Amino acid sequence: AAIPVQATVDICFTLAFVYTSAANALLLINLNPLWCAVAGRLFLGDLLPRRTYIALALALCCVIIIFVPEVVERKRHGGDGNTAEEEDPYADTAVRGNAIALVCGFLLAAYITIVRLGAKSEKEINLVGAASLGASLSAIISSIVERGDVFPSSFWAGTTAYFWLSVAGQGFGIGTVFVAIGLAPKFITGAEVGLCILLEAVLGPFFVWLAYRDVPSKWTLIGGSLLLVVLA
């Protein structure tokens, strides 16, 4: 069950950024610790300590501090510069992207819950192998949808070597993430796994700054600093 869920998470994660803003997508996807806590309580009987509930609530507040001001700012500028007629063509796309991001957060929580269920099982389950099969399935589905047009010749404007370097980097990064998610629920609850994943909200802007000198907003700095304190 984890394999198709992981493949769907991979695809939805990418599509969410295609159809809506990065802030909207990350805000909705990063609600997954909440869904992890609910799923763990309902399906696994996880009894979380009070400190985890407090950390969960504070972490979600930090995520809101990071992303909501950007969403509001984009909507305000969009409302100032466009008429209703001009906004209509993009409204459905944004709604679709928000819905995909929300579904991605749900599915990520479902994946973590399924992995935790497998980790608690008496049978020996190869969770790392399941992660690799899930990634392979998402690649196959993407190739089918694009009718095999996934090589750089048709859409890549840069050097071909950079394309394959980015593919290798993304494959290594996503592979590492899902292997870690596959192993972590053996030792901690799904809600705690989801809280650790929220570090992406802090480290993402930091690495973008390192690579492109794209200075994060003051809300990212404030919310990120608070989130590090909460997770510590």
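A polar contact is a pair of N or O atoms within 3.5 Å. In this predicted model, a polar atom of the Arg 116 side chain lies 3.0 Å from the backbone oxygen of Ile 188.

**Arg 116**
- Arg 116 sits in helix H5, which covers residues 84–120.
- The relative accessible area of Arg 116 is 11%; buried means under 20%, so Arg 116 is buried.
- Beyond its neighbours within four places in sequence, Arg 116 is in contact with Leu 44, Asp 46, Pro 185, Ile 188, Thr 189 and Gly 190.
- Of these, Leu 44 belongs to helix H3 (residues 32–44) and Gly 190 to helix H8 (residues 190–197).

**Packing of H3 and H8**
- The axes of H3 and H8 are 7 Å apart, and the two helices pack at an angle of about 175 degrees.
- Angles over 145 degrees count as roughly antiparallel, and H3 and H8 are therefore roughly antiparallel to each other.
- On the H3 side, the residues that meet H8 are Asn 32, Pro 33, Cys 36 and Ala 37.
- They meet Gly 190, Ala 191, Gly 194, Leu 195 and Ile 197 of H8.
- By class, the residues of this contact are six nonpolar and three polar, with no charged residue.

**Helix H1**
- H1 runs over residues 2–19, 18 residues in total.
- From first to last C-alpha, H1 reaches 26 Å, close to the 26 Å expected at 1.5 Å a residue.
- The buried residues of H1 include Ala 2, Val 5, Gln 6, Ala 7 and Val 9.
- Asp 10, Cys 12 and Ala 16 of H1 are buried as well.

Technical notes. Residues numbered from 1 in each chain as written. Predicted model: local features only at pLDDT ≥ 70, side-chain atom pairs only at ≥ 80, totals over all residues. Heavy atoms only, no water. Helix = DSSP H or I, 4+ residues; strand = E, 2+ residues; numbered from the N terminus. Expected span 1.5 Å × (residues − 1). Buried < 20%, exposed > 50% of the residue type's maximum accessible area, 1.4 Å probe, protein only. Axes fitted to C-alpha atoms, helices over the stretch in contact; angles between N-to-C directions. Parallel < 35°, antiparallel > 145°, perpendicular 65-115°, else oblique. Contact = heavy atoms within 4.5 Å. Nonpolar A, V, L, I, M, F, W, Y, C, P; charged D, E, K, R; others polar. Polar contact = N/O pair within 3.5 Å; in protein donor to acceptor, adjacent residues only side chain to side chain.
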